[in-house]
Amino acid sequence: MNSEINFIQRSNDIVLNDFHFHACWELVYCKKGKIKCELENEKFEIFENQLAFIKPQLKHRFSATSKDTIFYSVVSENYKAKFPSYFVLTDNPCNDLLTIIERAYAYFCLDPFCSKKGISSAFSALFFSQIDTMLSTATNNEYIFKVAYAIISNLSNTNFSFDDLYSKMQLSKEYVRKLFIKEKGLSPLQLLNTLRIWHACVLLQAGTYQTFSIGEVSKMSGFADQLYFSRVFKKIIGQSPSDYLKDTVCGGIKKQK
């Protein structure tokens, strides 16, 4: 069973609450300020742009360090993780996790009863896939790690350039590419485009509610050139973005100005 976001809330007012626990995983993302988390025998802090994983049945309580703290709490009944008690993950430089959380929150506000299961599942899949991707970049080769981390850190960055990345490495561009392909099975560009197009598919589905145009989806997925985005989309998905949208959500696209 795929992991699902069952509940999500946003708050800017945290007071010290009593110790409590949940029957499922709680994921807390700090957008602004700092959050103190106290366990029964340990304390830790969640800083800006960090996501904390709180294990089921683990007693804890939160408090904010300032009145302007903003955080999101995500609950998933069927999320599975191997962390011993808690774990803190720092978002990438583009804050892709925050972007997904905020879009998911906007959707849940529109549809609190999750009547559109397809859209809910799409946001959940993107969110937990992004987490899995960020947690699985470990490699014994420092050059492959740098490339993989650059990819997941720049999914939405239209100015990202592999040439700029390679220019900072001691090995040649072609040699690094061969190392990456040997270990990952895809070239760096193929992996980047695949992840970006998957992101675009979710945004197009969400467009039923938020009326994203194809041009907007292109830029939000890291493509500065809409024509190039459409070509890559059709190559990976097998149909154009507009056809995909019609087949998937039966309309809802905003016309280009």
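The largest pocket has a volume of about 200 Å³, where a pocket is an open set of points on a 1 Å grid over the protein atoms alone, with protein on both sides within 12 Å along at least five of seven lines, and a volume is the space filled by probe spheres set on the points. This is a predicted model, in which local features need pLDDT of at least 70 and side-chain atom pairs count only at pLDDT 80 or more, while totals for chains, interfaces and linings use all residues. Residues are numbered from 1 along each chain as its sequence is written, and side-chain values use heavy atoms, with hydrogens and water left out.

**Largest pocket**

- Its lining residues (those with an atom within 4 Å of a point) are Leu186, Leu189, Gln190, Asn193, Thr194, Tyr228, Val232, Lys235 and Ile236.
- Helix H6 (188–210) and helix H8 (226–237) each contribute at least two residues to this lining, helices being DSSP runs of H or I with at least four residues, numbered from the N terminus.

**Cavities**

- Two cavities of 30 Å³ or more are found in a search of the whole structure, a cavity being a set of points where a 1.4 Å probe fits but cannot get out.
- The largest cavity holds about 60 Å³ of space, and its lining consists of Leu126, Ser129, Gln130, Thr133, Leu155, Leu195, Trp198 and His199.
- Helix H2 (117–135) gives the largest share of that lining, four residues.

**Aromatic contacts**

- The structure holds 13 aromatic pairs, counted when ring centres of Phe, Tyr or Trp (its six-membered ring) lie within 6.5 Å, with planes under 30 degrees apart called stacked, over 60 edge-to-face and the rest tilted.
- One of these pairs joins phenylalanine 127 and phenylalanine 128, which are edge-to-face at 5.0 Å centre to centre and 70° between the planes.
- Phenylalanine 127 has 1% relative accessibility and therefore counts as buried (under 20% relative accessible area, with a 1.4 Å probe and protein chains only).
- The rings of phenylalanine 223 and phenylalanine 229 form a tilted pair, because their centres are 5.3 Å apart and their planes lie at 55°.
- The charged end of arginine 196 sits over the ring of phenylalanine 223, 5.6 Å from its centre, the criterion being CZ of Arg or NZ of Lys within 6 Å of the ring centre and within 35 degrees of the ring normal.

Key: Buried means under 20% relative accessible area, exposed over 50%, partly exposed in between (1.4 Å probe, protein chains only).
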